[in-house]
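Please work through the exercises below with the sequence and the three-dimensional structure open beside you. Each task is followed by a solution that goes step by step.

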Amino acid sequence: MDSALIPNGVRRCSLGKFLVPLAVVGAVLLWGVYAMLLCWFKGLNQTNMNDNYGFALWIWADLAVIALGGGAFFTGFLKYLIGKDELKHIINYAVLIGFICYSSALLILAIDIGQPLRGWFIFWHANVHSMLTEVAFCLSCYFMVLTIEYIPLILENRQIDKVPFFHHLSHNMHGTMAVFAATGAFLSFFHQGSLGGVAGVLFGRPFAYREGLFIWPWTFFLFTWSAAAYGPCFTLLVTRITEAVTGKKLVKDNVVELLAKISGWMMTTYIIAKIIDTLYWANVTAPSKGFNLIDFYSNNGFYGIWILVMEIILGGIVPAAILITDKGRKSPVVRTVAFVLAVIGVSVNRWVMVLQVMAVPVMPFDQWALYYPSWQEVATTILPVAYGIILIMISYRYLPIFPQEAELNPAE
Amino acid sequence: MFPFNFEWIWDMSHMVFMGGLWYALIILGIGMTYCIVKAAIDTAKGGDGHGHH
């Protein structure tokens with residue numbers, strides 16, 4: 001029924017087979033929308049946030065998807081500015097994943113601010129001394145960049161492309177994409193960094209506080225670096241999942257291995273910097289504020305030293321070691337394990353920098369403050385996942401996302 | 001926020017923050033305007049518009 005919309009040279013399942021899973025994921029989406037409407041109409045009393053947790057599950061999800069969506073800006077930077085032309089075979093998917101991640105981040109923020117009708121205040125009545133203002137500016141502008149990068153893909157749909165104006169527009173947008181990609185890399189550097197900077201400047205919370213360079217704490221640079229290192233791993237992991245679901249090879253191994261290798265080396269340099277930062281913080285910064293390392297990981301029911309091991313060793317050193325070696329990178333199973341560990345690693349890092357910061361007692365009479373999200377928070381955090389799956393399904397079916405698909409899967 | 005708003009102060013923070021925002025928006029605006037205008041001109045010049053990207 002919709003065969004006229006499907007890209008040339010590729011095969012897709014029947015419309016019925018496509019609509020059934022779409023309806024299932026759509027039901028999850030509706031559950032999230034219901035929870036979102038509850039938060040908007042009844043207010044933030046629908047959440048389990050409290051005086052200890054002004055930032056909670058949503059902000060973790062926000063920081064995590066922004067880091068995972070970093071694959072879009074870094075792949076664009078490598079392709080358009082560094083000249084890694086092979087990455088043109090995966091850049092479309094990186095852009096789509098980035099678009100999903102950033103639109104999800106903005107959606108979560110729109111719920112989290114509690115009063116979305118006043119969302120524009122941050123632009124009009126800007127607090128120019130806040131790193132979060134800079135995050136809001138860069139996030140909004142970078143989402144515009146991702147939209148601009150996604151539009152040519154939509155225009156390349158078989159039917160839309162028949163309209164001469166849209167064909168020329170798509171062609172021109174491709175021609176100027178380097179300008180947009182450079183703007184995107186500039187914006188990403190600052191908002192990824194400022195998200196880390198927000199934690200690093202909390203001098204009243206020694207678990208997060210870091211020294212730094214001029215006005216920027218070390219966490220500023222570590223967040224940008226980690227997004228560039230781990231973001232491509234998420235792009236590659238979602239590509240692998242898409243290949244498994246469709247039962248097709250969609251991107252050639254040399255492209256995957258190139259991006260995995262760059263990501264692996266970025267991760268290696270990042271994790272060395274992260275270890276140095278952790279050692280300095282544990283031995284100099286925290287003791288200067290009256291804390292020992294073990295104070296941050298004991299006397300509570302959840303946060304043990306295991307979380308540090310999981311973030312730095314399992315989610316950092318192990319995937320980096322796999323991806324920088326030829327043998328690890330060339331094995332599809334081993335490199336997929338590395339992608340999974342990397343995604344877990346960066347997500348744990350964001351969890352620690354948002355939620356553990358809030359949990360650790362600061363005063364001698366304080367207790368650990370543990371937090372459990374309400375079902376409305378969980379549903380609204382799953383909502384972007386369902387939305388992302390739906391957008392990937394529709395984009396994969398109707399748009400030429402994978403330029404190598406036809407060559408790798410010749411039609412019978 | 002613009003310089004003619006009552007909240008505006010001519011200090012470094014306002015100039016850097018708001019200047020950065022306008023800078024990014026102007027680049028995106030000019031870039032998209034160029035693409036749209038050129039597409040309109042290309043379309044007006046004729047042709048089936050099905051060359052290679």
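**Exercise 1. The contact of the two chains**

How many residues does the contact take from chain B and from chain A?

Before the solution, a word on conventions: residues are numbered from 1 along each chain as its sequence is written, while chains are lettered from A and ligands numbered from 1 in the order in which they are written. The model is predicted, and for this reason local features need pLDDT of at least 70 and side-chain atom pairs count only at pLDDT 80 or more, whereas totals for chains, interfaces and linings use all residues.

Step 1. The contact takes 26 residues from chain B and 26 residues from chain A, where two residues are in contact if their C-beta atoms, placed from the backbone, lie within 7 Å.
Step 2. On the side of chain B that touches chain A, there are 14 nonpolar, 8 polar and 4 charged residues; here Ala, Val, Leu, Ile, Met, Phe, Trp, Tyr, Cys and Pro count as nonpolar, Asp, Glu, Lys and Arg as charged, and the others, Gly among them, as polar.
Step 3. Chain B itself has 1 helix and 0 strands, with helices (H or I, at least four residues) and strands (E, at least two) taken as DSSP runs numbered from the N terminus.

**Exercise 2. Helix α2 of chain A and its partners**

Determine how α2(A) packs against α4(A) and against α13(A).

Step 1. Helix α2 (residues 57–68) of chain A and helix α4 (residues 91–112) of chain A have axes 8 Å apart at an angle of about 165 degrees; axes are lines fitted to C-alpha atoms, for helices over the stretch in contact, and angles run from 0 to 180 degrees between N-to-C directions.
Step 2. The two helices α2(A) and α4(A) are therefore roughly antiparallel, a term for angles over 145 degrees.
Step 3. The crossing of α2(A) and α4(A) is left-handed, which is said when the near helix is turned anticlockwise from the far one by less than a right angle, with right-handed used if clockwise.
Step 4. Turning to helix α13 (residues 332–359) of chain A, its axis comes within 9 Å of that of α2(A), and the two cross at roughly 145 degrees, in a right-handed crossing.
Step 5. Among the residues that meet there are A:Trp60 and A:Leu63 in α2(A), and A:Val346 and A:Trp351 in α13(A); by class, this contact has 11 nonpolar, 1 polar and 1 charged residues.

**Exercise 3. A:Thr380**

Is A:Thr380 buried or exposed, and which residues does A:Thr380 contact?

Step 1. A:Thr380 has its place in helix α14 (residues 375–398) of chain A.
Step 2. With 29 other C-beta atoms within 10 Å, A:Thr380 is buried, since a residue is buried if 20 or more other C-beta atoms, placed from the backbone, lie within 10 Å of its own, exposed if 12 or fewer, and partly exposed in between.
Step 3. Leaving aside neighbours within four places in sequence, A:Thr380 is in contact with A:Gly32, A:Ala35, A:Met36, A:Cys39 and A:Ile111.
Step 4. The C-alpha atoms of A:Thr380 and A:Trp58 are separated by 8.2 Å, although these residues are 322 residues apart along the chain.

Conventions:
Parallel < 35°, antiparallel > 145°, perpendicular 65-115°, else oblique.
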